[in-house]
Amino acid sequence: MKFEHIQHPAPVPGATRAQAIADPGFGKVFTDHMVMIDYDEGEGWHNATLGPCEPIPLHPASSVLHYAQEIFEGLKAYRQADGTMALFRPEANAKRFNESAKRLAMPELPEDVFIESVKQVVKKDADWFPGVEGGSLYIRPFMFANEHFLGVRPATKYKFIVILSPAGNYFKSGAPAVSVWISEYTRAAPGGTGAAKCGGNYAASLVPTGEAFAKGHDQTVFLDAAEHKWVEELGGMNLFFVFDDGRVITPPLGGTILPGITRDSIITLAREQGLDVAEEMYSIDQWREDAQSGKLVETFACGTAAVVTAVGKVAGRDGEFTIGSGGPGQLTTTIREKLVGIQRGTVEDTHGWVMKLD
């Protein structure tokens, strides 16, 4: 697919850009350009452009506004040790994007087009890479239905767009370990859209996440919908539990948990270290008991935005408990350093996960 390049009439001046990326936080600053591709049921994917990042005109009856046909992805571009830019496992994001599309009755996007779209905009806006320690360019590809009609059916017209956001630290507190609140709300149920990366899942998390913030915590823990007993996800991130005998477990995928690419990478890296990593159910009561007895020595959350983050304290209606020393444990630190090292080119990539940009 050929991309038409549209000149930006007024890109952000260099001095203004430098000020914006000095301390960008997360998801607040956006670069000059975006990729946009149209889909029509009769024509397929067409009209690929790389142009200014600007507002999108929408008819008030656009399907996305009424029936929520919308999906997205999240990945990052990293600065390598040699100064080049690279992506981390973008083909996995492309594959997961299409799995989400199928669940939301949306057209699949060829994986090579997904990757090329990401490459185009990252190369164009490479000057927006933040200089802050641990900085990256967060990449947000998304697709939504823009056919305008009222009636519950899949749309016939869609837009695929990729935007970039210079990123620093994900958690506002900046603490070495986060505090989490056990939610009494349900994020996803069997047979639902929990495994799809769609906006509706995140909308369902806003009230419980706001409750966690109001109580002084960084995130919320969701339990299963059926028994409200089994630990599933930490907000939009996967969880790992580390025990004193070296065993590691993470909740299994079963349609209610997002199949995280960081999660999959960590399972691979931990097993390479000779650790016994199991995907099995873990109850909230067992989590509390194991933490209080000292059997559980670490818990960490993982995802593209936060990478690997230690969970230090867990609180809920029945009280709170601390995990280990309340800070990052040995495995959390080791896994994070290795994963970040691979992403940034300071640790050898033996899996072919890093895709360098020419």
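1. A salt bridge here is a side-chain nitrogen of Lys or Arg within 4 Å of a carboxyl oxygen of Asp or Glu. By this rule the count comes to 14 salt bridges. One of them joins glutamate 320 and lysine 313, at 3.9 Å from N to O. Lysine 313 is partly exposed, because its relative accessibility is 29%. The cut-offs are as follows: buried means under 20% relative accessible area, exposed means over 50%, and partly exposed lies in between (1.4 Å probe, protein chains only).

2. The model is predicted, so local features need pLDDT of at least 70 and side-chain atom pairs count only at pLDDT 80 or more, while totals for chains, interfaces and linings use all residues. Residues are numbered from 1 along each chain as its sequence is written, and side-chain values use heavy atoms, with hydrogens and water left out.

3. Look next at glutamate 73 and arginine 96. They form a salt bridge, with the closest N and O atoms 2.7 Å apart. Glutamate 73 sits in the loop between strand 4 (70-72) and strand 5 (75-79), and arginine 96 in helix 3 (residues 90-103). The pair links distant parts of the chain, 23 residues apart. Helices (H or I, at least four residues) and strands (E, at least two) are DSSP runs, numbered from the N terminus. Glutamate 73 counts as buried, at 0% relative accessibility. Arginine 96 also counts as buried, at 8%.

4. Arginine 247 and glutamate 280 form a salt bridge too, the closest N and O atoms being 3.4 Å apart. Arginine 247 lies in the loop between strand 12 (238-243) and strand 13 (248-250), and glutamate 280 in the loop between strand 14 (277-279) and helix 8 (284-293), so the pair ties together parts 33 residues apart in sequence. Arginine 247 is partly exposed, at 21% relative accessible area. Glutamate 280 is partly exposed, at 33%.

5. Helix 8 has these buried residues: Ile284, Trp287, Arg288, Asp290 and Ala291. Glycine 294 follows helix 8, and its phi is positive, near 90°.

6. Helix 7 (residues 261-272) packs with helix 9 (residues 330-344) at about 115°, the axes being 11 Å apart. That makes helix 7 roughly perpendicular to helix 9. Axes are lines fitted to C-alpha atoms, for helices over the stretch in contact, and angles run from 0 to 180 degrees between N-to-C directions. Angles under 35 degrees count as roughly parallel, over 145 as roughly antiparallel, 65 to 115 as roughly perpendicular, and the rest as oblique.

7. Tyr67, Leu150 and Val152 make a nonpolar surface patch of about 340 Å². Patch residues have over 30% relative accessible area and no salt bridge; like charges are joined within 9 Å, and nonpolar side chains (Val, Leu, Ile, Met, Phe, Trp, Tyr) within 5 Å. Accessible areas come from the Shrake-Rupley method with a 1.4 Å probe, and for residues only the protein chains shown count as cover. Leucine 150 is in the loop between strand 7 (136-145) and strand 8 (157-167). Leucine 150 counts as exposed, at 63% relative accessibility.

8. Aspartate 23 is in the loop between helix 1 (14-22) and strand 2 (33-40). Aspartate 23 counts as exposed, at 66% relative accessibility. Aspartate 23 and glycine 168 are 145 residues apart in sequence and 6.8 Å apart in space, C-alpha to C-alpha.
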